[in-house]
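Let's walk through a protein chain together, one question at a time. Have a look at the picture, then follow along.

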Amino acid sequence: MMSTLTAKQEREQLLKLAENYRQKGYEIFLHPNLEELPEFLKIYRPDLIVRRGEEAVVIEVKSRASLNSYSDQYLQNLAKVIEEHPGWRFEFVMINPEDITYFPKAKRSLQKDEIESQLQLVKQLTTQHLESAMLYCWSLVEATLRLITEKEELSLQRLDPLYLVKQLATEGIISQSEYRLLMDAISFRNSIAHGFKTTQLTQNFVYELIEITEKLLKDLQTSDELIN
């Protein structure tokens with residue numbers, strides 16, 4: 001059974017997400033009722049649906065403590081049915097993720113030359129092992145975003161991917177188009193990392209992610225040259 005604290009944390013995260021989307025002009029459906037759900041979602045009970053124009057996002061917030069075989073299967077089925085409907089996107093947000101547990105084992109973050117070198121391996125991997133390439137590429141994206149955070153001397157409360165991307169967008173360091181692509185990448189990363197199929201993932205998407213990472217690294221180098 002979910003603890004009161006876990007339920008409270010999930011609720012607070014859900015309300016934050018709803019408010020963030022509301023401020024961006026989305027219509028909010030928190031725990032939508034049957035009348036607010038499209039036909040293909042009526043057997044599900046999404047935490048949150050946000051809509052703006054032709055775009056719709058189904059959002060589920062879970063903590064690691066609340067995941068079990070039943071919820072895993074539910075999320076897998078939900079992600080699958082959403083992928084089958086153009087214009088709809090699934091966003092899975094995990095709070096207090098397992099990343100916290102492995103940070104103490106990390107020695108240091110990858111540096112610019114290491115990221116550039118490993119991006120070449122991702123390009124090779126993309127043609128044969130697309131999902132592995134996606135996970136590998138995302139790890140390099142995260143390392144790049146941390147370098148940018150250090151360069152910009154931003155004081156961030158956390159370094160989890162979702163928070164990092166949103167803060168860099170808020171600060172105007174990454175563009176809105178880059179923000180949208182990175183948010184999609186987080187969704188793919190989460191789905192793959194937690195054993196879900198991602199039928200919408202394409203080679204072109206991973207190549208776009210590589211290009212953005214290379215651009216951000218180039219911007220870092222340009223900034224260094226201007227300073228020197």
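Before we start, a residue is called buried when its relative accessible area is under 20%, exposed when over 50%, and partly exposed in between (1.4 Å probe, protein chains only). Helices (H or I, at least four residues) and strands (E, at least two) are DSSP runs, numbered from the N terminus. This is a predicted model, in which local features need pLDDT of at least 70, side-chain atom pairs count only at pLDDT 80 or more, and totals for chains, interfaces and linings use all residues. Residues are numbered from 1 along each chain as its sequence is written, and side-chain values use heavy atoms, with hydrogens and water left out.

Q: What share of the residues in the chain is buried?
A: The chain has 228 residues. Of these, the buried ones make up 44%.

Q: How many residues of helix α6 are buried?
A: Helix α6 covers residues 161–170 and is mostly covered. Its buried residues are Pro 161, Leu 162, Tyr 163, Leu 164, Val 165, Lys 166, Leu 168 and Ala 169.

Q: Is Glu 91 buried or exposed?
A: Glu 91 sits in strand β4, residues 88–95. Contact here means heavy atoms within 4.5 Å. Setting aside neighbours within four places in sequence, Glu 91 has contacts that include Leu 17, Tyr 21, Leu 162 and Met 183. Its relative accessible area is 4%, so Glu 91 is buried.

Q: At what angle do helices α5 and α7 pack, and which word describes it?
A: Axes are lines fitted to C-alpha atoms, for helices over the stretch in contact, and angles run from 0 to 180 degrees between N-to-C directions. Helix α5 (residues 130–151) and helix α7 (residues 176–193) pack at about 130°, with their axes 10 Å apart. Angles under 35 degrees count as roughly parallel, over 145 as roughly antiparallel, 65 to 115 as roughly perpendicular and the rest as oblique. That is why α5 is described, relative to α7, as oblique.

Q: Which residues of α5 make the contact with α7?
A: On the α7 side, the residues taking part include Leu 182, Ile 186, Phe 188 and Arg 189. On the α5 side they are Glu 131, Met 134, Leu 135, Trp 138, Val 141 and Leu 145.

Q: Is Ser 191 buried or exposed?
A: Ser 191 has its place in helix α7. Leaving aside neighbours within four places in sequence, it touches Phe 196 and Thr 198. With a relative accessible area of 8%, Ser 191 is therefore buried.

Q: What separates the C-alpha atoms of His 194 and Gln 76?
A: His 194 is in the loop between α7 and α8 (203–227). It is partly exposed, because its relative accessible area is 22%. Along the chain, His 194 and Gln 76 are 118 residues apart, yet the separation of their C-alpha atoms is 9.4 Å.

Q: What is the phi of His 31?
A: Most residues other than glycine have a negative phi. His 31 lies in the loop between β1 (27–30) and β2 (48–52), and is partly exposed, with a relative accessible area of 43%. Its phi is positive, near 45°.
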